[in-house]
Amino acid sequence: MKELINVIGLGYIGLPTALMLASKGLSVVGTDLNVEKVRQLQNGALTFEEEGLKCLYNKALENGIKFSNVYETAEMYIVAVPTPFNKFSKKVVADYLINAVGNIAKVCKNGSIVVVESTISPGTIERFIRPIAENLFEDEGKKMHLAHAPERIIPGNMINELIHNNRTIGADNLQIAQKVKGIYSMFCEGEIELTDIKTAEMSKVVENAYRDINIAYANELVKICKVADVDVYELIRIANKHPRVNILSPGPGVGGHCISVDPWFLVGDYPGLANIILSARKINDSMPEYVLERIDEIMAQNNIELVERVGLYGLTYKENVDDIRESPTLQLLDCMKRHLAKGIKVYDPYIKEDIVENQYHDFETFVSNIDMIVIMVGHDEIKRRQKDIDHLLILDTRNVITSKNVFKL
Ligand code: SAJ
C-alpha cells in the first residue's frame, strides 16, 4: 500500500500543495475543518482562483485525492493552517497550528512525520509543537517527528513557483530531512536545502523582512523625491542599472498576509534589536496615509470639494489576485474612518461581494460617478481600459498608467 500524506488546511498554500502531491501519484487526503469548503472541493469546485490550479485539481481528482473534515492516520502530515499575528503584541498566534498538531497526535502512527509549512516566528516549534510530540511519546510511546518546510510561493504565480522555487527543509536529523526531501522533490525542481528547524523558521521571516525593507526604501525615496522634485521612477530605473542595485517599486503600502506581517515576528521577539526591520514596517504602514495626503492636495489644486467624487480603484493587496488581506486600500479606508471621513467610492473587478461602503461592481457606473480615480492596484484590467478613464483626474500610485497628465505618488 502507498504511504498516505494528509495535508491539513486547504487554503492558499495547503490546497495547491495537496493537489500537486496527488497529481504526482501520491496518495493524498486534504483535511480542512471548514465543512462548506470541503463539500465544495468534493463536488468539483475550487475555492479560489489561481492560474493552473484547475488543471492540477483535475489531475489530482483523477489520481484519487480525497477531501475530508477529519484527520487521517497517515505516514506524513503537511500542515498549512493560518498563523495570524496579534496586532498589539506583534507576536505570532500559533493556536490553529497547535490545535492541528494536537489533532494529528490523536490519530498519527508511531514514526509519522509532521511537516509544518505555515509561517511561524523562530522558536515556535520548540515552544509549542515539540511539547505535543513529547507528551505523545510519554503517554503512548508513539514517536512523532517534526520538520519545517516554509512555503515560498507567491499568489498569482503559485503553481509555477511551487515547481521551480528552491526550498528549505528544517528537521531534527538528516534522516528525517532526507525523507521529507524525497517527497518534496517529486514536484519541486529547485534546490532543496536541508537545515535545522530554527534556521528554517528564521529563513522564512528573514526573506519577507528583506523584501519589506527594500520596498520601504523605495517608499522613503518617494517622499524624498517629492521634496527634491525628482521623478522617483526615473531615479530608481537609473539606479537599478548598477549591477549590484535592485530597488523595488514604491506603492500605496504593503499588504498581503506575509510581507506586512512576518517582519513583526522579529520585532516582537527581539525588541531593541530589530531596528531596520521596525523602521521599514513603519514606513510601509505610513503609505496609505501618504496617499490620502496626496488625494487631499490634488483635490485642492483641482477644486474638487467632495470626497464622494473620488474613487479608489482596487481593493486587493496586489494586482490580479482576489486576496484582500491587509490590503493598502483597506488600510487607507481604516485611516479615513479614524478621521471620521467617509464617502469615497471603491471598485475592484476581483471582489464580487460587498465588503466596504460605497463599493461599485460595475466599472462604467463607477467611473461615471467620480471626477478623480486613484489607482491603488495595478490590475491588468485598468491597464487595458486607460481610454475609459481619460476624462478623469488620475492619481496613479502603482505607476501603471501610461497616458500623460497623471499624478504620481
Ligand atoms: N509591493 C510593493 N512594491 C514592490 C513589490 C510589492 O509595494 O516592488 C507590495 C505589493 O503590492 C503587496 C505587498 O508588497 O501589497 C506584498 O506583495 P509581494 O508580491 O511582494 O509578496 P506576497 O506577500 O504576495 O508574497 C510574499 C513572497 N515573499 C517574497 O517575495 C520574499 C512569497 O514568495 C512568499 O511565499 C509569501 O510572501 C509568503 O507567503 O510569505
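# Exercises on helix packing and burial in a predicted model

Helix α8 (residues 197–228) packs against helix α11 (residues 275–301) with the two axes 8 Å apart and at an angle of about 40°. The structure is a predicted model, and the exercises below treat its computed geometry.

**Exercise 1.** Classify the packing of α8 on α11 from the angle of about 40°, and describe the residues that form the contact.

*Solution.* Step 1. An angle under 35 degrees would count as roughly parallel, and one of 65 to 115 as roughly perpendicular. The value of about 40° therefore makes α8 oblique to α11.

Step 1. The crossing of α8 past α11 is left-handed.

Step 2. On the α8 side, the contact is made by Ala209, Asp212, Ile213, Ile215, Ala216, Asn219, Glu220, Val222, Lys223 and Lys226. The α11 side contributes Ile276, Ile277, Ala280, Arg281, Ile283, Asn284, Ser286, Met287, Tyr290, Arg294 and Glu297.

Step 3. Sorted by class, the residues in this contact of α8 with α11 are eleven nonpolar, three polar and seven charged.

**Exercise 2.** Carry out the analysis for helix α4 (residues 95–107) and helix α5 (residues 124–140).

*Solution.* Step 1. The axes of α4 and α5 cross at roughly 20° and come within 10 Å. Angles under 35 degrees count as roughly parallel, so α4 and α5 are roughly parallel to each other.

Step 1. α4 passes α5 in a right-handed crossing.

Step 2. From α4, the residues in contact are Leu97, Ile98, Val101, Gly102 and Ala105; from α5, they are Thr124, Phe128, Ile129, Ile132 and Leu136.

Step 3. The class count for the contact of α4 with α5 is eight nonpolar, two polar and no charged residues.

**Exercise 3.** Determine how many residues of helix α10 (residues 262–269) are buried, and name elements that cover them.

*Solution.* Step 1. Seven of the eight residues of α10 are buried, and the helix is mostly covered.

Step 1. The buried residues are Asp262, Pro263, Trp264, Phe265, Leu266, Val267 and Gly268.

Step 2. Among the elements covering these buried residues of α10 are α8 and α11, the pair from Exercise 1.

**Exercise 4.** Locate Arg130 and Ser327, decide whether Arg130 is buried or exposed and whether Ser327 is buried or exposed, and give their separation.

*Solution.* Step 1. Arg130 is in helix α5, and Ser327 is in the loop between β9 (310–313) and α12 (328–338).

Step 1. Buried means under 20% relative accessible area. Arg130, at 16%, therefore counts as buried, and so does Ser327, at 0%.

Step 2. Neighbours up to four places away in sequence are left aside here. Arg130 is then in contact with Ile125, Leu146, Asp172 and Ile197, while Ser327 touches Gly255, Leu315, Thr316 and Tyr317.

Step 3. Arg130 and Ser327 lie 197 residues apart in sequence and, C-alpha to C-alpha, 34 Å apart in space.

Key
Residues numbered from 1 in each chain as written. Predicted model: local features only at pLDDT ≥ 70, side-chain atom pairs only at ≥ 80, totals over all residues. Heavy atoms only, no water. Axes fitted to C-alpha atoms, helices over the stretch in contact; angles between N-to-C directions. Helix = DSSP H or I, 4+ residues; strand = E, 2+ residues; numbered from the N terminus. Parallel < 35°, antiparallel > 145°, perpendicular 65-115°, else oblique. Left-handed = near helix turned anticlockwise from the far one by under 90°. Contact = heavy atoms within 4.5 Å. Nonpolar A, V, L, I, M, F, W, Y, C, P; charged D, E, K, R; others polar. Buried < 20%, exposed > 50% of the residue type's maximum accessible area, 1.4 Å probe, protein only.
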